[in-house]
Amino acid sequence: MNILLLGSGGREHALAWKIAQSPLVDKLYIAPGNAGTASCGENVALKAEDFAAVGEFALAHGIDMLVVGPEAPLVAGIADYFKNDGRLSKIPVIGPSKQGAQLEGSKDFAKHFMQRHGIPTAAYFSVTKENKQEGLDFLKTMKAPYVLKADGLAAGKGVLIINDLQEACEELDNMLSGKFGAASGKVVLEEFLSGIECSVFALTDGKDYVILPEAKDYKRIGEGDTGLNTGGMGAVSPVSFCTPEFMQKVESRIVRPTIGGLKAENIDYTGFVFFGLINVGGEPYVIEYNARMGDPETEVVMLRLGNDIVDLFKAAADGTLASKKIEKDPRYAVTVMLVSGGYPGEYEKGKVINGLDKVEGSVAFHAGTAIKDGKTVTSGGRVIALSSYGASKQEALSASFRNAAIVDFDGKYYRRDIGFDLQ
């Protein structure tokens, strides 16, 4: 098979690393990829949102499957583009339709979907400029802290958690006035749920599903989960509180009714569903859906997935996932993210990365890197995800931290407390 993988981050490097291990693959292309994905296949200079160029490349290179890594092309409808073009319609796309991707693309859509299908989630109220006063009144009925979410895609930064009511009211006004651009033209106000978060991933063919290894990521820039939200500073799998009893609740109350709801509403959905969950006293609630794998969770989930991922993709495309059983590596996997100085605020790019050739006992997944003048340089806020196995969480972390000290670039920063809140 010839496979085209869209994306350029750490998630895509981890997917490329896993896809490249499959004996079913003849040729893997990554568009646009990064300095690390070039070791797994061939990088091609295509923009994931340029559907016409992606389609023409697929035809010219005999692509047998399109795997979509990031959310933006899914929300923009790349699966529909392929399905509705007679020349491309026979190429299966691992990624949902535009309507299915609204689970991630619209917080309001997702909340209504959960409400329709009895899926546990926080109480909420959706606000636009037209009903802003009702939104302010709703905030006043809630207890602090106040949760405000931009309805649309905001690169993982459209969620505010505020302790002061007056500040929350002011931020609602700022969001509706364009703080996050078009993404916050509508704002979802949510009840705050107190608990510990985890990420669960399913791959579905639209009627059946398999559940991949779970993970927990760390979104705050500062140690002890302080400071600004980032795309994710590290991840751990397995998650100690995701016991068989807890996961049975997740499957019966959340995963099964989600996949069943998509089918009942005739929403075309082949691909990953990411369930951002919170454990509230042993009971799982959905914080958010994503229509793709998480980042940096993919960098640990792919390590622990024992199956041939291309075989799973084929089953998803063929509608035969019911015949598949997930195999999990019993070891721990952790990832520690090296980020640019200043991230998630302003940061400089083009810093030369040294020490990658000295990494031992970890996989260095590239997140924001490029090649310049023959050297690997930084090209994003999150730069390298160092992923490691271990018989224990601590053993895996020790390997990642050891290599985090070796890989170096000007302004490098990483959290030294990944996994601190897990047994």
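Let's start where two helices meet: L15, K18 and I19 in α1 touch I309, V310 and F313 in α11, with contact meaning heavy atoms within 4.5 Å. By class, that contact has 5 nonpolar, no polar and 1 charged residues; here Ala, Val, Leu, Ile, Met, Phe, Trp, Tyr, Cys and Pro count as nonpolar, Asp, Glu, Lys and Arg as charged, and the others, Gly among them, as polar.

A quick word on the source: this is a predicted model, where local features need pLDDT of at least 70 and side-chain atom pairs count only at pLDDT 80 or more, while totals for chains, interfaces and linings use all residues. Residues are numbered from 1 along each chain as its sequence is written, and side-chain values use heavy atoms, with hydrogens and water left out.

Back to our pair. The axes of α1 (residues 10-19) and α11 (residues 309-318) come within 8 Å and cross at roughly 95°. That makes α1 roughly perpendicular to α11, a label for angles of 65 to 115 degrees.

Now, which residues of helix α6 are buried? In α6 (residues 107-116), they are K107, D108, A110, K111, F113 and M114, buried being under 20% relative accessible area with a 1.4 Å probe, protein chains only. Their cover includes α5 (102-105), β6 (124-127) and α9 (244-264), among others. After α6 comes G118, with a positive phi near 65°.

Finally, the cysteines. The disulfide count is 0, taking a disulfide as a pair of cysteine sulfur atoms within 2.5 Å. For C242, the nearest cysteine sulfur, that of C198, is 3.8 Å away. C242 is buried, at 10% relative accessible area, and C40 counts as buried at 16%.

Conventions: Buried < 20%, exposed > 50% of the residue type's maximum accessible area, 1.4 Å probe, protein only. Helix = DSSP H or I, 4+ residues; strand = E, 2+ residues; numbered from the N terminus. Axes fitted to C-alpha atoms, helices over the stretch in contact; angles between N-to-C directions. Parallel < 35°, antiparallel > 145°, perpendicular 65-115°, else oblique.
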